Each structure stands twice: as structure tokens, then as C-alpha cells.
Amino acid sequence: MRGLVRNNIYSMASNIQLSFIIAAVMALVPIVFREDMLLSMILAVQIFIFVVNTGTSLRVDETSKWSKFELTLPVRRRTIVRAKYVTFVLLILMGILTSLLTLAVCSALGMSIDPVMVTYSYGFGLTLAITSTALMYPVMLKIGTEKNEMIVFFSGFAAVGIMLLLAAILAPFTEGMQIRHPLVGTVSTCTAIVLFIISYFVSVRIHRKKEFR
Amino acid sequence: MIYSLEVSNLSKRYPGATFSLDNVSFAVPQGSIMGFVGENGAGKTTTINCILNTLKPDSGVIKIFGEEMTEARTDIRNHIGVVFDAINFPETLTANRLASVFKDIYHHWDSDLFRQLIDRLKVPADVRIKDLSRGMTMKLATAAAFSHGARLLILDEPTSGLDPVVREEMLDLFLEFVENEEHSILMSSHITSDLEKVADYITFIHNGKIMLTEEKDALLYQYGIARCRSEQFQALDKSEYLAARKRGLQIDVLVPDKQRFSGQHRDITVDNATIDEIMVLLVKGDQ
């Protein structure tokens, strides 16, 4: 599986580099603007920005026929799918790491960081990143990658929708519907992780039945 | 005889399409090159995709090295090299990066051999695949297929679109590969002249059905094309020929034993057959 993960990372290398540059520039924004709301957005976007390119990468795999060729390698279909999910986890970890850079910049500037805001930002960013990949990959596997931009867009919206729904469900415990409540962030992240695990099994099932001409 | 690949009664139908593979059966003997010939849409790629499990056959059995090939048999796939008529690999990778990927996938990846092969074939190691010419891409795919201890190569149109010099280089590599008598190649191609140079056996496929499997030397030296006039053709028994095709006033007749046919029909001219002519007669002619 290591070779497949390595390949996934190599084939996204230029996109990852671009995401790093954007995330690094965003980490410097607090030097100029010291707003909690802006900082919250930066952290969430930094976590999400690396996985947003996976749609393009999956499309490239399909057009170069790598998706077909990798079936001829001495690996099972479930291993191919597992390697994709490990890659998604690595991309989310890269996002988390660059978001820590932003917190380090804030700390170096002597900014006071609101822990509730940080929890919300990480909850929102992780929910967005994990839910998007959990929805995006099986859908692309099933219907193809031709409409990858639309699928990424839809997955992002669905992630926000899930968070709003959970905020509504948890309203009795959060003194009204509060999307920024730490409980909503925590439950959303846990829900996203469960969705991600379900998504893996669904993707394995789809891949097993998929034919590559 | 030991077979590296045995395909038995393979059938595959695409939903909503009229084309189907119909009980395809053939076998590639160990130590040989099998040319797989047919017109566009005859079923060559579908057969190869079923062998490689990228398509799921409706029925039939595929045995590789005497064992049934299934999705779970990664041990068998460790010994199969594949070249498709496409880019094959992620376009953003270089040959060097591809090698580091395959090193972690194939149990017997030989980095030194891969390096030697890409040097010999003059494939740049640090240029992205999307910037390589088609010839270079196919050479890279061939080098990769050779570098992991494969005992069977499955090649789908590996020389199509290549210039004669590159094609010759590729054919030389294939011949070197089968110098080891445990190695075998299944190679589909439109370029029958390539198969005449390297193949030991030829299998013809048409409309999803196998028309003929024969030793190449038998096709070239034993088979023949009888040039008949209409009345000569009418006098022939159906068991004497495999296919016939009217060409103007002449009827070309494919006969399996030109010497015997000439002996029985001294007034009919019988020419040597090329693979191209045999294919045209099998595809266009009446059986």
C-alpha cells in the first residue's frame, strides 16, 4: 500500500505545493488583521485547502488510465481504496499542521487566542474536510470524475448542511441553535469521522463492482 | 505443453451494446509470443481487460501459470507485466518517481534493471510523463513491465503509433524477453508486420469470436491463397478452404495446406499468404 500512497502524493505534488503556499500566506494574515472572525476562517480554510484538490487528482488518474492500470498491479481493489483514504488523512493532517503555523504566528505576535473560537474553527475545518472527502470519493467512483468540480462544491455544501443540522438537533443542549458552540464542533467532527469510515466501506463495495475499460 | 496463459470459454456482454465476447478460448504456450489480431472492435482489448480483471467476465475461466486468475491472486500479478495502448501512468510522475512507486508495490522490483533499460531506450529519468512523446511513454511502460520479474507480458497494441525505429527497438526487447524459456508474451496488434517478425503463434479474433489460432510459420509457409475463377471456385468442396472473398472477377480462397491444394488443383494458382491477407479473408470473406 505504501507505493500506492506514495503515488497518490506524487500525483498531487504540484497541487499540494500550491496549497502549502496559500496556507502559508494565510498564516501571515494575523500580522495585518487581528480579528477573531478572520482567524477562525483562516484556520478552517487551512485545514480544508489540501483535500479540495483530490477531485482534480482523481480526474487525472482516470484520464491517464492509471485507475485501470493499477488493477494490474499486485494489490487488491480494497488496498487501492484504502490507499486513497490514507492519502486523504495525510492531506487533512497537512492542513492541521499548517493551521498550527497560524496559531504560532498569533502566539509570536502576543495575540490572545480565544479557546472557544479555536475549538469551533477546528471543528468546522475538520467537519468540512472529512465530510467532503467522505462524500466526494464514492460519488466520483460511482458516476465518474467528469463533473469533479461540481461534486467537490456539492460535498462542501453538504458538510456545512450537516453541521447546521447538528446545531439544530443539539439546540436544547446549547441554549439555542449555536453553530459556534464547542459541543456542536465536537459532535460534527465525530459525525464526520463516522461518515468517513462508512464512506470507505461504501467505496470498497463500489470499486469491487466497477469495470475499467 | 505448459501454458503461461489459458483462456477458456470467456464470454462478456456490455449492457445495451450489440458487441459481445463469445466463448473465447486460446492458450499461450510457455516460452512463446502469441500475436492477437483482429480489426477495430473485434474484441482484443475486451479480452485483455477480462484476463487482467479490469472487466468482469460473464463466464469463462482464465488460468495464468496453471492457476485460476482472480482478483485475490496478487501473487500471480507480481509476475505479469502489462502495457496498455495509453499513457498508463499518472502524467505528473517522472520515470524516477515511477520507479520509487513500483519499488514499494512489486515484490521483485529491480531498480538497476529499470535504470539500465531506460538508459538503453534513452527515456529521460526526470521529465514528467505528460511531457514525453508517445514513443517515450511506451518505452517507459515497457521498461517498467520488464523490471519486476514478470514471466508473462500482456501487451495491448504496444507498437501502435510508433515510428519504425522505435517499433524495431521494442520488438528486439520482446524477443530478448522470450529468450528465457519460462517467459511468454500475449501481444495484440494491428501492425501484422510486427507480429510476422516476432510472434510464434497468431490468434485471429473477429466479432468477439476466435476465428483461428495457428503457428505463425504454418500460416506463412503452409497456408496459401488460391486465386480462383468463378467456375473453379464452384467446383471446390467447402472442406478444402477456410474462407473465400470475391475480388472483381477473381475469388481469393484461403487454404490451410497449399501444397496439397496445388496437388489436387493444378490449374489454380496458389500464393503464399501474409497475416494481413489472412486477417482480411477471415474478417471480410465467407466462411
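Student: Does B:Glu277 count as buried, partly exposed or exposed, or rather, which of these is it?
Tutor: Keep in mind that this is a predicted model. In it, B:Glu277 counts as partly exposed, because its relative accessibility is 28%.

Student: And which residue does B:Glu277 form a salt bridge with?
Tutor: Its partner is B:Arg227, and the closest N and O atoms are 3.6 Å apart. B:Glu277 lies in helix H11 (residues 275-284) of chain B and B:Arg227 in strand S11 (residues 224-228) of chain B, so the pair ties together parts 50 residues apart in sequence.

Student: Is B:Arg227 buried or exposed?
Tutor: Buried, because its relative accessibility is 19% and the cut-off for buried is under 20%.

Student: Which residues are in the network with B:Arg227?
Tutor: Salt bridges with shared partners link B:Arg227, B:Arg247, B:Asp252, B:Asp271 and B:Glu277 into one network.

Student: How many salt bridges does the structure hold?
Tutor: Over all chains there are 20. Among them is the one between the side chains of B:Glu67 and B:Arg73, at 2.9 Å from N to O. B:Arg73 also meets B:Asp75 in a salt bridge, at 2.8 Å. B:Glu67 is partly exposed, with a relative accessible area of 40%, and B:Asp75 is partly exposed at 40% as well.

Student: What about A:Cys106, buried or exposed?
Tutor: A:Cys106 is buried, with a relative accessible area of 0%. B:Cys50 is buried too, at 2%.

Student: Now the surface. Which residues form the positive patch?
Tutor: That patch is made by A:Arg78, A:Arg82, A:Lys142, A:Arg205, A:Arg208 and A:Lys209. Helix H7 (77-108) and helix H10 (182-209) of chain A each supply at least two of its residues. H10(A) gives the most, with 3 residues.

Student: Where is A:Arg205?
Tutor: A:Arg205 sits in helix H10 of chain A, and it is exposed, with a relative accessible area of 57%.

Student: Which residues make the nonpolar surface patch?
Tutor: A:Leu28, A:Ile31, A:Val32 and A:Phe33 make a nonpolar patch of about 410 Å². A:Val32 belongs to helix H3 (residues 29-32) of chain A, and A:Val32 counts as exposed because its relative accessibility is 61%.

Conventions:
Residues are numbered from 1 along each chain as its sequence is written. Chains are lettered from A and ligands numbered from 1 in the order in which they are written. This is a predicted model: local features need pLDDT of at least 70, side-chain atom pairs count only at pLDDT 80 or more; totals for chains, interfaces and linings use all residues. Side-chain values use heavy atoms; hydrogens and water are left out. Patches are made of residues with over 30% relative accessible area and no salt bridge: like charges are joined within 9 Å, nonpolar side chains (Val, Leu, Ile, Met, Phe, Trp, Tyr) within 5 Å. Accessible areas come from the Shrake-Rupley method with a 1.4 Å probe; for residues, only the protein chains shown count as cover. A salt bridge is a side-chain nitrogen of Lys or Arg within 4 Å of a carboxyl oxygen of Asp or Glu. Helices (H or I, at least four residues) and strands (E, at least two) are DSSP runs, numbered from the N terminus. Buried means under 20% relative accessible area, exposed over 50%, partly exposed in between (1.4 Å probe, protein chains only). Lys and Arg count as positive and Asp and Glu as negative; His and the chain ends are not counted. The place of a charge is taken as NZ of Lys, CZ of Arg, CG of Asp or CD of Glu.
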